[in-house]
Amino acid sequence: MLFDPENGLYVFEVALGFRANGQKQSSASCLIQADDPEEAEEKVMEYLANQDAAERFWIEEMSDPYTLEEYQQQLDETENEPFPILDEMTEDEFVDFLGF
């Protein structure tokens with residue numbers, strides 16, 4: 001399984017907002033694992049703070065929670081690649097993810 005139950009009971013798809021060339025933009029979706037929406041938001045903001053990016057990025061959109069099993073089953077059925085897990089990305093991977 002892609003997800004570790006110790007990291008949270010649910011998976012959330014998150015899109016980050018940022019400004020580029022004076023216009024508001026959104027990133028592709030990434031994943032965050034948490035026990036509830038508040039913890040998911042805290043984990044995203046903590047990750048951004050650790051990347052010194054908290055002032056340049058915000059949560060543009062966050063999905064309703066999926067159970068770990070439900071999300072894994074959806075991935076298996078569609079044979080899609082999962083979105084990257086935000087708090088597992090290195091700084092370089094984060095920059096690549098954003099396309100900078």
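Reader: Let's start with aromatic rings: which residues do ring pairs link into a cluster?
Author: Rings of Phe, Tyr and Trp (its six-membered ring) pair if their centres lie within 6.5 Å; planes under 30 degrees apart count as stacked, over 60 as edge-to-face and the rest as tilted. Here, the cluster joined by ring pairs is made of Phe18, Tyr47, Phe57 and Phe94. Keep in mind that this is a predicted model, where local features need pLDDT of at least 70, side-chain atom pairs count only at pLDDT 80 or more, and totals for chains, interfaces and linings use all residues. Residues are numbered from 1 along each chain as its sequence is written, and side-chain values use heavy atoms, with hydrogens and water left out.

Reader: How many aromatic pairs does the structure hold?
Author: There are 5 aromatic pairs. Take Phe3 and Tyr71: the ring centres are 5.8 Å apart and the planes sit at 75°, so this pair is edge-to-face. It links distant parts of the chain, with Phe3 in the segment before β1 and Tyr71 in helix α2, 68 residues apart. For elements like these, helices (H or I, at least four residues) and strands (E, at least two) are DSSP runs, numbered from the N terminus.

Reader: Are Phe3 and Tyr71 buried or exposed?
Author: Buried means under 20% relative accessible area, exposed over 50%, and partly exposed in between (1.4 Å probe, protein chains only). Phe3 comes in at 5%, so Phe3 is buried, and Tyr71 is buried too, at 3%.

Reader: What about the rings of Phe57 and Phe94?
Author: Their centres are 5.7 Å apart with planes at 65°, so that pair is edge-to-face. Phe57 is in strand β3 and Phe94 in helix α3, so the pair ties together parts 37 residues apart in sequence. Relative accessibility is 6% for Phe57, which counts as buried, and 4% for Phe94, also buried.

Reader: Next, cores. Which residues touch the most other members of the largest nonpolar core?
Author: A nonpolar core is a set of buried Ala, Val, Leu, Ile, Met, Phe, Trp, Tyr and Cys residues joined through side-chain atoms within 4.5 Å. The largest one has 18 residues, and Leu48, Leu86 and Phe94 touch the most other members. Two or more residues come from each of β1, β2, α1 (37-50) and α3 (91-98). There's also a second, separate core of 7 residues, including Val11, Leu68, Tyr71 and Ile85.

Reader: And what is Leu48 in contact with?
Author: Contact means heavy atoms within 4.5 Å. Leaving aside neighbours within four places in sequence, Leu48 is in contact with Leu16, Ala53, Ala54, Phe57 and Phe94.

Reader: How do I read a helix, say α2: which residues are buried?
Author: Check which way the side chains point. In α2 (residues 68-78), Leu68, Tyr71, Gln72 and Leu75 are buried. Down the axis, they fall within an arc of 100° (taken from the directions from the helix axis to the C-beta atoms), so they line one face of the helix. Glu69 and Glu77, on the other side, are exposed. The buried residues pack against β1 (10-20), β2 (23-34) and β4 (66-67). Just after α2, Glu79 has a positive phi of about 55°.

Reader: Where is Gln51 found, and what does Gln51 touch?
Author: Gln51 is in the loop between α1 and β3 (57-62), and is buried at 18% relative accessible area. Not counting residues up to four places away in sequence, Gln51 touches Arg56, Glu91 and Phe94.
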